[in-house]
Amino acid sequence: MANAIYSGLPTTIFTVMSGLAAEHGAINLGQGFPETEGPEAIRRRAAEAVLTGSNQYPPMQGLPQLREAVAAHFRRWQGLDLDWRGEVTVTSGGTEALACAFLALIEPGDEVVLFQPLYDSYLPMVRRAGGVPRLVRLEPPHWRFDRAALEAAFSPRTRLAVLNNPLNPTGSVLAEEDLALLAEFCVGTGAVAVCDEVWEQVIFDGAAHRPLMGFPGTRERTVKIGSAGKMFALTGWKVGFLVAAPPLTAVLAKAHQFLTFTTPPNLQAAVAYGLASSDDWFAAMPRDLAASRDRLANALRAEGFAPLISAATYFLDVDLAASGVAEDDMSFCLRAVKEAGVAAIPVSAFYEENPVTSIIRLCFSKRDETLDEGARRLARARDLSRRA
Ligand code: GLN
């Protein structure tokens, strides 16, 4: 028989909603992907590398030029001092990097602190690795934790704390003091922090990303995860990075060598080029996305919806209850995609227990016309839900 953890799993909410969007010809503001392609120069590099470069196995840890470029990028943008040889591993996306961290670092019975809402791959992978989840529940509108919440979740048996910052699905960014508090708990209990920071470049309004790895005492006990897919709006490429001190990197690489072993060499070469040549892109991309966020927020407000604040990611959340929708998020999303032709993601899908059920997530990395029409269709869905 199948493994019990896996046989009981639903298909991801992103796949379900994208499937319904295709079936019903709906505008897809659900799954998080840009409507336009990433930088052409980077895509050209990938194409050229297939024709003129090696298409055989690259080194297991990743192409040296990409590992060097990753270390240089984080030095420049986040002030981290990294040795590319011993501290950077290239993975097939952030999802593989997370799996490596869980498989390599969890012993059966270890406690793992996680924050709800959480990305859907975390809990099944933590459990499959034998971890015992200890959940901290975050709530709208600020999605913050406090000392009491961490005191209730951390224990001497805590092995890992898993943080996603900026946070998908909320588009929120943790305050400096909250990061310092979490760092204090990791250091105090001896836990390793697994930091899913794939949205680190998709951060708006001039804010700078603060990596947990930069806080006192965390440098040796943090696994930092990044993703070229999010950095360059190339979500299908699945090129990610694991960054950690040498003893952690050594064991992470043991997991990586038996998960995917390597990542396509042409994509690695193109990402290395991108990291070294994209200052303009890293300035323009968040500016353009913030304009899309504002366009969607304004269109929604004009229709009487109540959007929450989005400081990062591709996502703007909407409070249904405050927008005059009495239905729960899942019912409303199913109605919206089937009856009004617009797909969104119910945030309750990101909770394991005691879900917040009145928030939906909308992806705004789309053209203006798509966003405008999406807002109109959401208003139609609300009308239909009122009449039902
Ligand atoms: N990261 C994407 C999102 O949050 C989903 C990726 C996937 O479909 N697994 O929408």
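Trainee: What makes β9 and β12 a strand pair?

Mentor: Strands β9 and β12 (residues 359-363) run antiparallel and are joined by 5 bridges, and pairing asks for at least two bridges found by DSSP between two strands, so they count as paired. Within this pair, V318 stands opposite I360 in β12. Bear in mind that this is a predicted model, in which local features need pLDDT of at least 70 and side-chain atom pairs count only at pLDDT 80 or more, while totals for chains, interfaces and linings use all residues. Residues are numbered from 1 along each chain as its sequence is written, and side-chain values use heavy atoms, with hydrogens and water left out.

Trainee: Why are β9 (315-319) and β11 (345-346) called edge strands?

Mentor: The open, antiparallel sheet has 3 strands in the order β9-β12-β11; β9 and β11 each have a single partner strand, so one side of each is left without a neighbour in the sheet.

Trainee: Which strands stand at the edges of the sheet of 7 strands?

Mentor: That open sheet, with mixed pairing, has the order β2-β8-β7-β6-β5-β3-β4, and β2 (88-91) and β4 (132-137) stand at its edges, because each has a single partner strand. Strand β2 runs antiparallel to β8 (residues 240-243), with 4 bridges joining them, and T91 stands opposite G240 in β8.

Trainee: What is in contact with L66, leaving aside its neighbours within four places in sequence?

Mentor: Contact means heavy atoms within 4.5 Å, and by that criterion the residues in contact with L66 include V90, V239, F241 and L275.

Conventions
Helix = DSSP H or I, 4+ residues; strand = E, 2+ residues; numbered from the N terminus.
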